[in-house]
Amino acid sequence: MDFHHLPNEIMGVSIVLWIVLAVVWAIILIALIRLLTKKSADKSSGGMGFMAPEVKDYLAGQPSPSWQEYRSGSDAPPPPPPETPKLPNYKQAGPKTFSVAAFMIVVVLVMVCILVVFRSHQAREHEARMAQRAALKQSEKERKADIAGNRANAKKPPRAHKEKTVDQKALELTKHGTLAFRESDYDQAEKDFRQALSLIQKSESLASRALIGAYNNLAFALEKQDREDEAELYFLMALKEAEDRNKPDDLGVAHAKQGLIRIQIRQGRLDNVEAMYDDAIRIWDVQRGEGNGNSISLMLDKVRFLDSIGKSGEAAELLEKARAFRKMHDPPPKPVYDDDGSQVVNLSIALKFKPVRPSSKGPNGAWIPGTDSLSPIRPEGVIKEPDYQGIERRYGAMELGVPRFTYYFALDRSSGPHPVIYFDKNHNGDLSDDGPPILNQGTGFFAAAVSIPFSTIHERYKGKESFNIWFYMRENDWDGAASHYSQTQLRGSVTIQDQTYTAYLTDTRINDGDFTNDGIYLDIDEDGKIDSETEHIGFGQTLDLGGQSYRFLITP
């Protein structure tokens, strides 16, 4: 039988029925063999018709003639009784032969059934493979037909198709370079931007709109690697490209000028910086609307620049303009009140304040110095040291800033009257990469001003100003502790009830470079100077002004 054309369920039932039928046939065959074997045994023994008379009589229950004579009074001695005849054993007629034959027949039938099932399964698999091959051939035939149809219906010449591939590759390289730049992998970003620039220069469709950006991208990557001369060259090429294509208000021009501003300020070439600031701000206003976030950010950068070159009046005017734009675009935040009903005033050091030297206009309160323990044993945090010239030294450390950073220092004492100090200004554990040692600047055993970049004290602050401390010690403190106090104040402004007040933050009460835990000074009477007694709001205290209490929350 052939089952391969049947469904799986039906085929299974059919196979079971076929096996049952085979077993029934085997049973019937066994019965027939037994019957035939029995008849054959009867014939071989003669049956009842060929028995001896004695046997017949014995079976019939009648005595033999000799016994009849003995019973009739004969004088002869009685014959011995006849032995009981051995009857033929029909059950012993070939049973072993029959059983083996029947078993072999059943085994053969089962094997035949298994073979039929196996062959049916092979046939199904073969049919499935043939169907799969046919489907693959049909799919390949359709794919070739589609390709032939597309080629026949293509409207663009082969060269246009090639340019599209170049464009796609250039855009993909630009995307990869941008991702590498964001991950600070500037070397890989440079490679991707260079390849993208090369492809864009060859593309007629991209060159007209993407070449300025390609020059800027490469310049940004070079600038991040401190290759300022190369970066400046590509920024200038971006400006030249915009000029050639008559695109003076392209955002790429603003980006290029911002890059040139950064480079030229770092190199001290300040002649054209103001003009480039003005032009970049104008372009952002044209493209995004007057007073947008980018132009406000540029205004604030220019304020810092003007202030650094001594143009404080222009800086103040531009600052007010930037604040007006910000107030116009940004809705005033909803007031936040403390549990006691006082209004919380949030002030960010990085956004609202700037480091300045103490002056007569600022706070002049009590200065509580910090103490710095000294030890002849080098701390574990010092990983590298300079070549000391002295005969003995003392090590110490200061915990400054938000969060707290450890600044190690080493006092190196020679045969002279004063030691020198090596100060880890960048808090990297290396005392040899912070410039030459600081010499004594006081009249006693040792005193000197130490200048630390404020951006290392407060990471969120992005300016270049310094945090200055005065470090001093007496000779009998050599085996004890040195002292220091801050020479830096932070100046900013606070607006309360639409009134702006000059504000100062100091580090005079807890000399830790924190500035968030010393309170705040406000020029409440607006006389241009701070009264340290009446215009100081201590840490955690409130200011009562116009019937409302204010609590100041200083954050980094």
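I looked up Y388 first. Y388 is buried in this predicted model, with a relative accessible area of 18%. The cut-off for buried is under 20%, so Y388 falls on the buried side of it. I then checked Y422. Y422 also counts as buried, at 9% relative accessibility.

Next I took the two rings as a pair. A pair of aromatic rings is described by the distance of the centres and the angle of the planes. For Y388 and Y422 I noted centres 5.5 Å apart and planes at 80°, so this pair is edge-to-face. Edge-to-face needs an angle over 60 degrees.

Where do Y388 and Y422 lie? I found Y388 in the loop between β4 (370–373) and β5 (392–400). Y422 is in strand β7, residues 420–423. The pair therefore ties together parts that are 34 residues apart in sequence.

**Other rings**

I looked up the count of aromatic pairs and wrote down 14. One of them joins F181 and Y186. F181 is partly exposed, with a relative accessible area of 23%.

I also followed the ring pairs around F409. They link Y407, F409, F423, F446 and F471 into a cluster.

Then I checked a charge over a ring. The charged end of R413 sits over the ring of W478. I noted 5.1 Å from the ring centre.

**The sheet with β4**

I went back to β4, since the loop holding Y388 lies between β4 and β5. β4 belongs to an open sheet of four strands. I wrote the order as β4-β10-β9-β8, with antiparallel pairing.

Which strands stand at the edges? They are β4 and β8 (446–453). Each has a single partner strand, so one side of each is left without a neighbour in the sheet. I noted an average twist of 30° from one strand to the next.

I then looked at the partner of β4. β4 pairs with strand β10, residues 481–486, in the antiparallel sense over four bridges. For T371 I looked up the bridge partner in β10 and found S483.

Last, I turned to the record.

Methods. Residues numbered from 1 in each chain as written. Predicted model: local features only at pLDDT ≥ 70, side-chain atom pairs only at ≥ 80, totals over all residues. Heavy atoms only, no water. Phe/Tyr/Trp six-rings, centres within 6.5 Å; stacked < 30°, edge-to-face > 60°. Buried < 20%, exposed > 50% of the residue type's maximum accessible area, 1.4 Å probe, protein only. Helix = DSSP H or I, 4+ residues; strand = E, 2+ residues; numbered from the N terminus. Lys NZ or Arg CZ within 6 Å of the ring centre and 35° of its normal. Pairing = 2+ DSSP bridges. Axes fitted to C-alpha atoms, helices over the stretch in contact; angles between N-to-C directions.
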